[in-house]
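Hello,

Here is the structure I promised to pass on to you. Have a look at it first, and then read my notes below.

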Amino acid sequence: MKTRRATTPTRRRQFGHTWWGVAWVTALEDRARLDPNRLPRGRTYARSGAVGELEVSAGAVRAPVRGRRPAPYQVRVRVRVFTPPEWDRVLDAIAGQIGHVAALLEGELPPEVAEDVLAVGLDLLPGPGEVQPRCSCPDWADPCKHAAAVCYLVADLIDTDPFRLLLLRGRDRDDVLGALRARRAAAGAPRHAGSFVFPGDPDTGVEARAAYVDSAKPPLPLTPLPPVRPGHPAALSTPPPELADALRALAADAAARAWSLAVGEGDGGLTLAVDADLARRAAAALGSADFDQLAILAKRRRRDLARAALAWQAGGPDGLNVLTDSWRPDPDAVAEARRALGRESTARANRVTRGDIQLRLGRDGRWYRFHRHRGAWDPDGQPDADPSALVARD
């Protein structure tokens, strides 16, 4: 099975949007925990279009990846396939609930399916030891940046079609559905359960009596849609004068977070640590009187809070981490930034400096630009995977 991807680079692109896609990425990053330096470069390669066509087969993914050499490197990612007895246990677990099959056909992998499979001693999602990336490049890292790029893009494949995850475990869509149909038939289950029909089954219709009974039931009320924008909080009847503006700003922020949860745009910042949430609020209030009051109530220097707000505007949690994070990245990435800044630049850890300009490589694979002002380094605009693009802003 071959899958073509668009090769247009996408900035700030994340990998793994479903829970099973995230689990795949976690397996990759857990494997690389002892040598994580290749992962940011792998994400950059995946975002830049360096990975060619992905070919998915039973237990493996193959793809060419463009590197520094003229010919692309060849990457193969192996996944342990289930044995026939293990597949019997998996199929028995899935066939027990017809809703599981219906969800798979709709492109979903309910957590209940994974839980039922876990109950028989297996895991649909590969663990860290079951994903084995290999590449033809000379890099000794495991995984190298080319193999990491392919692994990140596999998350896209299984995000859109959970049957590809089953294929990596050894069986394709037709094999799985055929085996499930056979199990349902052997158990004497009806070919139709509610409105579900196995692919390829004839539609025998519904008895008139059953249809009449169903139509006589009152329809369930529709769930109301969320508003098109966050609402305004109600005015406080007797707010304390010294806290009235702060409480108003806090209530407006709570309304905006509730709205983002209702429309499915993230978690509203509910999982953020205190400092990260303060930076998020400061970024929204930057340049207003609310910012000054927030700094006073949080007992933070305005300059420090403004730097955190600018970092949050640039890259969210990743941008905020770059303010203090010092780590040793791939030397090739540092060399690329030094070429962009010129021969007079110096490098230390993930930071490359020339004069009043500094580029810092975040663990998300993007470069962040900083400008020295009054002896401190201030965030300076949006990040970019290409350090040359940041230098060209001058």
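In this predicted model, five strands form an open sheet in the order E8-E9-E10-E11-E12, and their pairing is antiparallel. At the edges stand E8 (346-348) and E12 (376-379); each has a single partner strand, so one side of each is left without a neighbour in the sheet. On average, neighbouring strands here are turned by 30 degrees against each other, direction ignored.

E12 is joined to E11 (residues 367-373) by four bridges in the antiparallel sense. Phe370 has Pro379 in E12 as its bridge partner. Helix H14 (residues 331-341) lies across E8, E9, E10 and E11, and runs at about 15 degrees to E9.

Now to the aromatic residues. The structure has three aromatic pairs. One of them is Phe15 with Tyr152, a tilted pair with 5.2 Å centre to centre and 35 degrees between the planes. Phe15 belongs to the loop between strand E1 (2-3) and helix H1 (19-31), while Tyr152 is in helix H6 (residues 145-160), so this pair ties together parts that are 137 residues apart in sequence. Phe15 and Tyr152 are both buried.

Another pair, Trp19 and Trp20, is edge-to-face, with 6.0 Å between the centres and 90 degrees between the planes. Which of the two is buried? Trp20 is, with a relative accessible area of 2%, whereas Trp19 counts as partly exposed at 34%.

One more spot to look at: Arg173 lies over the face of Phe163, 5.3 Å from the ring centre.

Best wishes

Notes. Residues are numbered from 1 along each chain as its sequence is written. This is a predicted model: local features need pLDDT of at least 70, side-chain atom pairs count only at pLDDT 80 or more; totals for chains, interfaces and linings use all residues. Side-chain values use heavy atoms; hydrogens and water are left out. Two strands pair if DSSP finds at least two bridges between them. Helices (H or I, at least four residues) and strands (E, at least two) are DSSP runs, numbered from the N terminus. Axes are lines fitted to C-alpha atoms, for helices over the stretch in contact, and angles run from 0 to 180 degrees between N-to-C directions. Contact means heavy atoms within 4.5 Å. Rings of Phe, Tyr and Trp (its six-membered ring) pair if their centres lie within 6.5 Å; planes under 30 degrees apart count as stacked, over 60 as edge-to-face and the rest as tilted. Buried means under 20% relative accessible area, exposed over 50%, partly exposed in between (1.4 Å probe, protein chains only). A charge sits over a ring if NZ of Lys or CZ of Arg is within 6 Å of the ring centre and within 35 degrees of the ring normal.
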